[in-house]
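This report covers strand pairing, salt bridges and surface charge in one model. The sequence and structure come first.

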Amino acid sequence: MSFSGDIRRELMRQIGTARSVRLAELAAFVLLCGSVRCSKRETFVTIDTGSLTVADKSFILLNKAFNITPLVRVSSFSTGRDKSFHIVVDGREAEELVEALKLNGNHYDSEGMCTEYKGTRYLLEDNECKRAFLRGTFMAAGSVTDPEKEYHLEMTVKDLAYVSLVSDAMGAFGQKTKSIERKGSRVIYIKDGEDISDFLNVIQAYKAMYTFENVRILKGIRNSVNRQVNCETANIDKTVNAAVKQLEDIRYIEKKTGFLGLKDSLRETAELRLKYPDASLRELADISEGKLTRSGINHRLKKLSEIADKLRR
């Protein structure tokens with residue numbers, strides 16, 4: 001089962017106690033998955049979704065907020081494996097629903113795109129309602145990539161006006177939004193791991209948040225260990241390469257002129273390096289039992305390399 005699916009199942013159990021909170025979450029379902037049809041004879045409100053958890057949550061919220069039992073229809077696609085769920089409210093109950101969710105207060109253009117969710121904003125006056133609205137928005141239109149792979153959360157909404165609603169709601173909790181256009185819709189996204197964790201906390205997906213944080217911590221530890229290993233490996237490679245060059249230079253001097261022409265200090269260092277070819281500068285200093293320091297050995301080895309280069313020229 002996907003990480004997003006686990007979050008939806010957890011959120012399905014989050015039912016606000018206040019009616020205003022239930023209305024805020026239900027508004028997100030209707031705005032993102034629903035449709036309203038009004039005629040002289042009757043009003044219909046339908047929520048269409050391919051998610052069983054969204055269908056179940058819509059049913060529960062309608063029952064608890066309005067004490068109504070909506071009609072539920074299920075349709076299957078040609079494959080027979082995927083299903084679509086249709087929650088239908090009609091008649092006087094639909095009129096009550098439209099009025100309570102203040103859907104008539106929203107402004108739409110000639111193409112049916114919302115230009116201002118003025119009515120919906122009345123439902124989001126306190127933080128608990130904003131939290132519920134964001135929860136409904138994620139359940140209806142959101143997804144989170146498995147944190148083992150990458151950090152990415154997104155919610156696909158209809159228009160910029162809805163992006164503004166989400167942005168204001170998230171801003172109440174100190175979070176910022178980014179959005180892009182994709183295939184005629186607007187995609188709100190979060191890519192920072194800490195921000196995704198904070199968002200899960202806001203919508204009260206606490207179990208998912210702890211799981212996400214555990215993955216982040218383990219990945220952080222692994223990355224830290226890898227960086228340390230890479231650093232140590234690079235240092236070892238550097239030490240080995242330097243030692244190989246020093247040995248080549250010293251053996252070249254020995255072959256060309258011998259050590260008799262060298263100062264005593266340089267001769268001692270050359271013989272020490274030949275005797276301990278794999279030792280680091282620090283280890284050579286320790287072997288000298290205080291007679292030489294690391295910087296002193298390094299200085300003398302550089303002098304030997306300069307002598308070897310002059311002989312080569």
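## Strand pairing around β2

F44 has D90 in β4 as its bridge partner. Strand β2 (residues 43-49) and strand β4 (residues 83-90) run antiparallel and are joined by 6 bridges. Strands count as paired if DSSP finds at least two bridges between them; helices (H or I, at least four residues) and strands (E, at least two) are DSSP runs, numbered from the N terminus.

β2 also pairs with strand β1 (residues 34-38), in the antiparallel sense over 5 bridges. Within this pairing, T46 of β2 stands opposite S35. The two strands β1 and β2 form a hairpin, with 4 residues between them. Of the 7 residues of β2, 5 are buried, so the strand is largely enclosed by the rest of the structure. Buried means under 20% relative accessible area, exposed over 50%, and partly exposed in between (1.4 Å probe, protein chains only).

## Basis of the model

The model is predicted: local features need pLDDT of at least 70, side-chain atom pairs count only at pLDDT 80 or more, and totals for chains, interfaces and linings use all residues. Residues are numbered from 1 along each chain as its sequence is written, and side-chain values use heavy atoms, with hydrogens and water left out.

## Salt bridges

A search of the whole structure gives 13 salt bridges, each defined as a side-chain nitrogen of Lys or Arg within 4 Å of a carboxyl oxygen of Asp or Glu. K57 and E25 form one, with the closest N and O atoms 2.5 Å apart. This pair links distant parts of the chain, 32 residues apart: K57 lies in helix α3 (residues 52-66) and E25 in helix α2 (residues 19-33). Both K57 and E25 are buried.

R131 and E128 meet in a salt bridge at 3.4 Å, N to O. They are 3 residues apart in helix α6 (residues 127-141), so about one helical turn separates them. R131 is buried at 15% relative accessible area, while E128 is partly exposed at 40%. R186 and E181 form a salt bridge at 4.0 Å, N to O. Here R186 is buried at 17% and E181 is exposed at 58%.

## Helix α8

E194 is found in helix α8 (residues 193-202). Its relative accessible area is 46%, so E194 counts as partly exposed.
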